[in-house]
Amino acid sequence: MGEIDQIIADARALLQFSQAEKALELLTPNFESNSSNISFLQIFGETLLENNDLENAYDVLMKACEIDPTGDKGTEKFLYLGQIIGGPDGLKYLDNGLNKLSIQLNAINEDKGEDDEVLVELSKLYETKEELQKYFIKKLNQGIFAKIEIWMTDLCMEPEAEAQCNDLIAYSLKLDDQNPESLSLLSSIRISQQRVDEAKDALEKSWALFQDKKTKLEEAANNLQVNSENKSQPDSFEVGLEYMELIQPLLTLARFAIELELYEIATTISSNSQDINENILESYYYEALANILSAKQIAYKLQSSNVEDYRDLEIKQLLKSQNSDIKAFIDEAKSALTQGYKITQTDSVDADPELIEQVLTLVDELGGPIISELMPQKNEAEEEGWEEEINSDEEL
């Protein structure tokens, strides 16, 4: 492997472990000397995106597209550029990428592609045909999901928007009908279409698949050391990366569950995301919000109120209640918010300022954090690796 190839590989590894600033530091000094290297430009553009430098990311990715308009050197540039641009022009770039990926997937299915440089290189990285197919289906879904996002936002008022979303999600599920992210997005589409029962059904199926995937990854992690000599076992990097990648989809699913008033599922999903990373503020916010809304539902049924919707009840009314279920939900919410409050007080808090403000507001409305939970625990064991952060379902 050449020097620049090693730099690209190192940068990709840094991005996979959310170290975008370090990846940028690694790549930036090499930009001028590699300004015509498609592989370098694609990873550099992605790194700029991860560092929220949209203007320079656009310039870098556009240059990559101009050098390689047919995607013979890779499709990432089309997918990222399409998401940056959005609207009809963004769809065109996404379609460029999707068309190329579809051709490549068909070639894999038919045991062809010997003349495709990207396929040849990727075949060296993946041991089986199934693994290579899985990689391309994942890339296709990246583009499909981006197109759906554009149709649901930028182009939502277009007459064909609903039909486009339906066709795209059907295509995604045809590629893999057991993809929990596809089913989560299907739920979102059905929410926007006000097809609530279908949205709930899709969400529950998505959560079941996510739960199964999480459990299998936990089992794989627990077996890593025991079966360290078994070459057929995935390595810790692969398992750890796939496990960490569950966080954002789970948080998105928790938000959809709250929209659908599936509060018990929302709290369970939030709790499971905390198993993976206990320092994500959003998970505690959703857990608290779901518990508060559950308390409001009960309070609304128990007493007459001037509000038309239970969600409009004020928290101070809940705090006056002597109902044991309401008190239990409020206690759970306060405990979750206390953990969230602890995160907001750290120097390394990485969250949207608006979310931080919402958490602090809810903490204040509930009477402040639980003081005893703010105290550091004695003799806390040092965490030595991501594997030990994974708890099996039996331990939950």
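Predicted model: local features only at pLDDT ≥ 70, side-chain atom pairs only at ≥ 80, totals over all residues.
**Exercise 1. Place N179 in the fold and decide: buried or exposed?**

Solution. 
- Start with the location. N179 lies in a loop, with helix 9 (161-175) on one side and helix 10 (180-192) on the other.
- Next, take the accessibility. The relative value for N179 is 13%. Buried means under 20%. N179 therefore counts as buried.
- Finally, list the contacts, leaving aside neighbours within four places in sequence. N179 touches N141, F145 and L209.

**Exercise 2. Describe how helix 11 packs with helix 12.**

Solution. 
- Begin with the geometry. Helix 11 (residues 196-223) and helix 12 (residues 236-244) pack at about 150°, and their axes are 10 Å apart.
- Classify the angle. Angles over 145 degrees count as roughly antiparallel, so helix 11 is roughly antiparallel to helix 12.
- The crossing of helix 11 with helix 12 is left-handed.
- Identify the residues. Helix 11 contributes K213, K214, L217, E218, A220 and A221, while helix 12 contributes V239, E242 and Y243.
- Sort this contact by class. Five residues are nonpolar, four are charged and none is polar.

**Exercise 3. Find the buried residues of helix 7 and explain why they line one face.**

Solution. 
- Pick out the residues. In helix 7 (residues 117-125), V118, L119 and L122 are buried.
- Look down the axis of helix 7. The buried residues fall within an arc of 95°, so they line one face of the helix.
- Name the partners. The buried residues of helix 7 pack against helix 6 (87-109) and helix 8 (129-152).

Notes:
Residues numbered from 1 in each chain as written. Heavy atoms only, no water. Helix = DSSP H or I, 4+ residues; strand = E, 2+ residues; numbered from the N terminus. Buried < 20%, exposed > 50% of the residue type's maximum accessible area, 1.4 Å probe, protein only. Contact = heavy atoms within 4.5 Å. Axes fitted to C-alpha atoms, helices over the stretch in contact; angles between N-to-C directions. Parallel < 35°, antiparallel > 145°, perpendicular 65-115°, else oblique. Left-handed = near helix turned anticlockwise from the far one by under 90°. Nonpolar A, V, L, I, M, F, W, Y, C, P; charged D, E, K, R; others polar. Arc of directions from axis to C-beta.
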